[in-house]
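User: I would like to learn how to read the features of a protein model. Could you take me through this one step by step?

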Amino acid sequence: MRVVIAPDKFKGSLSAPEVVEHLATGLLAGFGGNGLETTRIPVADGGEGTVDAAIGSGFTRRTTTVTGPLGEPVKADFAIKDQEAVIEMAAASGLALLPDGPTSETAKTATSIGTGELIRAALDLGCRRIILGVGGSANTDGGAGVLQGLGAVFLDKDGNELPGGGSALADIESIDFANFDVRIEATEFVLASDVDNPLLGASGAPAIFGPQKGATPDDVAQLDAAISHFVDILAATTGQHAKFSAKAQGAGAAGGVGYIAIAALKAQRRPGIDVVLEFTELETKLKGADLVITGEGSLDEQSLLGKTPMGVARAAAKAGVPVIAVCGRSTLSREQLTDAGFHTVHALTDLEEDVQKCIAEAGPLLEQLGKHIGVYLAERTENKEYLNV
């Protein structure tokens, strides 16, 4: 019997590789003896955890020091395999890197420079296809920091170089591309993002995502105006494609990094889960499997919009393999879960009602769930009745 274990992280508790290992430990203990094979595939939806998913799929971890969201040096991981790289924006420019959390000040000054520096590090290693996973970003800088990290210099009317951050863009007068990394032209970029917002306006990055990053209503107006000015200067420098790109679906992703990916890196935008399932080769690994286990920390309405469990469930259905989910908690109805393709869902809250204990003790509780599933499978190895797991 072969079980594919392909969950996302349990946010605030365990990384996806840790979830995989705890589940596998429980499964094997419950099944007992030989006869159970596990295929372990940590998965993500293009945001945090994407590099871990790549590492679990045969990529090599690399670490470099880049500029953090507030200008401080941070160590950031990325993954490479042959000439392909997977970059997780949150590792260089994420909200989690803000020492005191998001504030009005950080909303205006946080930069994506480190993400540009990660791209350059991948280029230095010979990568010519780069998957850029965006999510969890601290910046609302229109993606200007990515250009700065790749060598562009922003100047004010007096010829002084501008610092990073969205609010500084109000003073931009010109962009010097003399030292911009020319290897970009020969590199294929994939923007792994589910966000379809444009860059500016009522549905744009500052208005929709700025408040999550500490922006006040006044900050939102200031940032929208500053980024709009940046777009005008970039278009005057590089052509009207930069103007049109501001209205493209996904331009508002990651504080505007989606915009620069589309406008300057000529990136193809694809759903994050599709990109991850492709490089993890899940479809191939599902062949001949008897069961798939997926999941994430919270199965809720957001999960139905294209998060990891849904992507895995779709792939499993296509392969004709039954799929169950494990989670910290589920707020979905039985009908919603059935419609999503899950035969059964096991939540940590089934074992422990205290949510805080579930978060703190997620590992041991996952092993208990895994053991329960393993016992069930052991009892049904002969007739392979998995659908009531």
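Analyst: Start with one side chain. F230 is buried, with a relative accessible area of 0%. Keep in mind that this is a predicted model.

User: What is the relative accessible area of Y259?

Analyst: Y259 also has a relative accessible area of 0%, so it counts as buried, the cut-off being under 20%.

User: How many aromatic pairs are there, and how is a pair described?

Analyst: A pair is classed by the angle between the ring planes: under 30 degrees is stacked, over 60 is edge-to-face, and the rest are tilted. The count here is four aromatic pairs. In one of them, F154 and F230, the ring centres are 5.7 Å apart and the planes stand at 50°, so this pair is tilted. F154 belongs to strand β7 (residues 153-155) and F230 to helix α8, so the pair ties together parts 76 residues apart in sequence. Both F154 and F230 are buried.

User: Which kind of pair do F230 and Y259 form?

Analyst: An edge-to-face pair, with 6.4 Å from centre to centre and 85° between the planes. Distant parts of the chain are linked here too: F230 is in helix α8 and Y259 in helix α10 (residues 257-263), 29 residues apart. Through ring pairs, F154, F230 and Y259 form a cluster.

User: Which residues have the most contacts inside the largest nonpolar core?

Analyst: A nonpolar core is a set of buried nonpolar residues joined through their side chains. The largest has 54 residues, and I119, F154, F230 and Y259 have the most contacts inside it. Helix α8 (residues 217-238) gives the largest share of this core, seven residues. Another core lies apart from it, with 39 residues, including A54, I273, F279 and A313.

User: What is I119 in contact with, leaving aside neighbours within four places in sequence?

Analyst: On that basis I119 touches I87, I130, V146, L150, I184, F189 and L265.

User: How should I read the largest pocket, and what lines it?

Analyst: Look at the space, then at the residues around it. The largest pocket holds about 1,200 Å³ of space. Its lining has 42 residues, with K9, K11, D45, Q302 and K307 nearest the centre. By class, the lining has 14 nonpolar, 17 polar and 11 charged residues. Elements that each supply at least two lining residues include β11 (291-299), β12 (323-330) and α15 (355-360).

User: Where is G12 found, and is it buried or exposed?

Analyst: G12 sits in the loop between β1 (2-5) and α1 (16-31). Its relative accessible area is 71%, so G12 is exposed, the cut-off being over 50%. Separation along the chain is a further thing to read: G12 and A360 are 348 residues apart, yet their C-alpha atoms are separated by 8.8 Å.

User: What is the phi of A254, and is A254 buried or exposed?

Analyst: The phi of A254 is positive, about 55°, although A254 is not a glycine. A254 is in the loop between α9 (241-245) and α10. At a relative accessible area of 11%, A254 is buried.

Terms used
Residues numbered from 1 in each chain as written. Predicted model: local features only at pLDDT ≥ 70, side-chain atom pairs only at ≥ 80, totals over all residues. Heavy atoms only, no water. 1 Å grid on protein atoms, 1.4 Å probe; cavity = no way out; pocket = protein on both sides within 12 Å on 5 of 7 lines; lining within 4 Å. Points joined across faces, edges and corners; volume = space filled by probe spheres on them. Helix = DSSP H or I, 4+ residues; strand = E, 2+ residues; numbered from the N terminus. Nonpolar A, V, L, I, M, F, W, Y, C, P; charged D, E, K, R; others polar. Core = buried A, V, L, I, M, F, W, Y, C linked by side-chain atoms within 4.5 Å. Buried < 20%, exposed > 50% of the residue type's maximum accessible area, 1.4 Å probe, protein only. Contact = heavy atoms within 4.5 Å. Phe/Tyr/Trp six-rings, centres within 6.5 Å; stacked < 30°, edge-to-face > 60°.
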